[in-house]
Amino acid sequence: MKIVVLIKQILDPRGITVRRDKERVFINREEYILDPGSKAAIEAALRLKESGDSTATVIALSMGQPQADDALREALAMGCDAAYLLSDRAFQEADVTVTTRVLAAAVEKLDGADLILCGRESGDTGAGQIGPRLAEALGYAQVTDVYALTAQDGRLQATRRWGEGYATVETMLPAVITIAPAAFPPRYPHGARIMNAYREWSVPVWGASDLGLEEASLTPLLAFRGESFPPPLEVGEKFRGDPARVAQDVIMALKQQLISNI
Amino acid sequence: MDFSYLDQWLEEEVGREEIEEVSTGYRNIWVVAETAAGSVLPAALAATGQARELADQIGVYVYAVLVGDGVEPLAEKLFACGADKVLVADEPALAEYQPEVYVKVLADLVNRYRPEILLLPATPLGNDLAPRLAQRLNTGLISHCIRLGVDMAERLLLGTFRVLGGEVYHTAACPEARPQMATLEPGYFRVPYEDPYRSGDLQRVEVDLADVTGRLTWTDLNARVELPPVPLSRARIVVSAGRGMGDAAGFALVEKLARALGGVVAGSRGAFDEGWIDEKQIVGVGGEFIAPDLYVACGLSGDIYHYFGLQNARFIVAINPDEKAPIMKVANLAVVGDAKQVISAMLDLLAQ
């Protein structure tokens with residue numbers, strides 16, 4: 001089985017402070033990390049490989065800036081068999097439709113895949129569109145927001161979020177599966193593999209011409225129309241009095257917070 | 001009375017509409033009305049209400065699309081919530097969700113009737129279906145919107161969504177491709193008041209499923225999932241106990257509250273000294289430094305050593321009988337009262 005994992009490098013959110021009152025985003029530390037959703041997708045792929053099909057190959061693909069090389073080497077260190085970076089100046093303005101086109105071209109250059117895994121949504125923009133869009137572009141089946149995954153005789157059982165709960169579906173291959181990050185906590189790479197990832201293995205870079213993409217086909221469909229901020233949080237609102245009444249007020253306030261912030 | 005101005009006005013209106021029709025060819029706002037267990041989902045009703053508001057702004061009709069098996073009677077509800085027309089694709093083959101089949105049905109309808117805007121609720125089904133449909137239609141999709149608006153000058157849908165964990169909002173538009181698509185995050189849009197006297201057009205539509213088959217088999221619709229435990233450093237909701245909880249029974253209340261809120265239990269060094277938590281659960285200097293979205297401090301005074309560990313929390317709730325405790329000054333929401341009583345009352349309410 002050939003498994004392709006789509007990964008993304010994002011700006012480390014721990015280096016970003018948002019000041020709602022100043023309506024500004026401060027980047028204190030410009031460091032890039034492998035997106036948690038991508039890590040979970042790699043973990044899911046490696047578990048599939050380890051649980052049964054040991055002949056499976058896991059290939060990591062990332063479209064991004066040249067520094068996304070680090071993210072791909074981290075994927076190799078975790079256990080992926082090969083990694084390719086899709087990077088080109090023409091990809092810089094990419095929105096999700098352009099990214100889909102690039103990724104689809106790369107998967108075709110790899111002669112297709114049995115299974116494509118990616119995070120349900122990324123930690124920065126979080127649109128959650130790549131998986132289904134790529135499935136459509138390649139004509140694959142799809143299951144999104146998956147919490148458990150097992151493979152058996154060319155079919156795949158996936159437990160996914162459905163309605164208010166979860167449901168299990170069986171899908172034919174080839175398929176695109178998007179992974180819920182909470183369900184697949186990633187492993188730590190082995191020290192020797194981290195060294196090898198930099199010393200021994202290489203990460204080929206494919207540009208637009210390698211993928212047979214013309215620049216004209218890489219114009220985004222969505223346009224950015226501004227940034228705004230949620231209202232600043234108040235400090236020091238006090239509740240007192242009868243516990244039952246207070247509890248009710250607190251839960252109301254909590255529900256509002258949970259829905260608007262989490 | 002002279003009503004000639006009305007004719008003139010109508011003529012102008014009609015004239016303007018014709019120009020619009022020629023220039024884009026796409027009109028009206030559509031909502032994909034998701035159903036479950038024989039009723040329209042509240043999130044889909046809310047999307048219909050939002051579509052009504054947008055339609056009134058730009059002067060077009062609201063269409064709701066029902067896809068499924070035996071869904072035709074649900075049209076009444078959609079009329080009551082603001083739909084002018086309901087398109088019904090009612091087939092036994094559409095009873096269960098298959099991405100390729102639903103995409104085919106909706107793409108055929110869109111290509112035939114050409115809506116200007118297409119909205120879906122951001123439910124598990126909507127999040128699965130909308131991007132695939134957008135890809136098939138070769139158009140842009142603004143997903144997980146928490147607010148929608150219209151740029152009247154360019155007649156564009158503006159969708160606002162959260163980035164960076166909800167601390168920043170971005171707004172996007174789809175200037176060229178049509179239809180303009182968006183998914184609406186449940187809970188952010190009001191379910192409209194129903195007007196039972198409102199009525200509209202119901203139209204059954206033919207679906208052509210000859211050359212499309214679903215590739216999914218739904219084997220269990222009530223699956224259970226055991227999520228792996230979340231380490232304290234990465235928990236989004238943390239409920240924390242201090243010595244003020246009194247005894248083990250008091251601490252048990254804190255544990256119950258954490259479970260009810262879907263969070264993780266932590267505590268101060270005091271709670272560790274009492275033997276309620278282990279070393280890895282201490283928040284503050286010498287323990288964990290955390291940045292959850294919600295931190296609930298129960299019976300905890302919050303001295304400076306503890307506060308260092310939680311100062312990056314986004315929203316702090318403190319329950320403490322002492323109004324002058326340091327934690328009460330930094331809490332977004334400070335409850336003055338006996339922690340045991342307040343937590344018991346909260347648990348009762350959450351259990352309902």
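Modeller: Let's start with a term: two strands pair if DSSP finds at least two bridges between them. Keep in mind that this is a predicted model.

Colleague: Okay, so which strand of chain B does strand β15 of chain A pair with, and in what sense?

Modeller: The general idea comes before the case. Strands of a sheet pair through backbone hydrogen bonds, and they can do so parallel or antiparallel. Here, β15 (residues 237–240) of chain A pairs with β17 (residues 333–336) of chain B, in the parallel sense and over four bridges. Look at A:Phe239, which stands opposite B:Val335 in β17(B). Likewise, A:Lys238 has B:Ala334 opposite.

Colleague: What sheet do the strands form, and in which order?

Modeller: Read across it: β15(A)-β17(B)-β16(B)-β15(B)-β13(B)-β14(B), six strands in an open sheet with parallel pairing. β15 of chain A and β14 (264–267) of chain B are at the edges; each has a single partner strand, so one side of each has no neighbour in the sheet. From one strand to the next, the twist averages 20°.

Colleague: Which helices lie across the strands of chain B?

Modeller: Helix α6 (residues 248–261) of chain B lies across β13, β14 and β15 of chain B, at about 175° to β13(B). Helix α10 (residues 339–351) of chain B lies across β15, β16 and β17 of that chain, at about 120° to β16(B).

Colleague: And how many residues of each chain are in contact with the other?

Modeller: 70 residues of chain A are in contact with 67 of chain B. On the chain A side, helix α6 (residues 243–261) of chain A gives the largest share, 13 residues. By class, that side has 39 nonpolar, 19 polar and twelve charged residues.

Conventions:
Residues are numbered from 1 along each chain as its sequence is written. Chains are lettered from A and ligands numbered from 1 in the order in which they are written. This is a predicted model: local features need pLDDT of at least 70, side-chain atom pairs count only at pLDDT 80 or more; totals for chains, interfaces and linings use all residues. Two residues are in contact if their C-beta atoms, placed from the backbone, lie within 7 Å. Helices (H or I, at least four residues) and strands (E, at least two) are DSSP runs, numbered from the N terminus. Ala, Val, Leu, Ile, Met, Phe, Trp, Tyr, Cys and Pro count as nonpolar, Asp, Glu, Lys and Arg as charged, and the others, Gly among them, as polar. Axes are lines fitted to C-alpha atoms, for helices over the stretch in contact, and angles run from 0 to 180 degrees between N-to-C directions.
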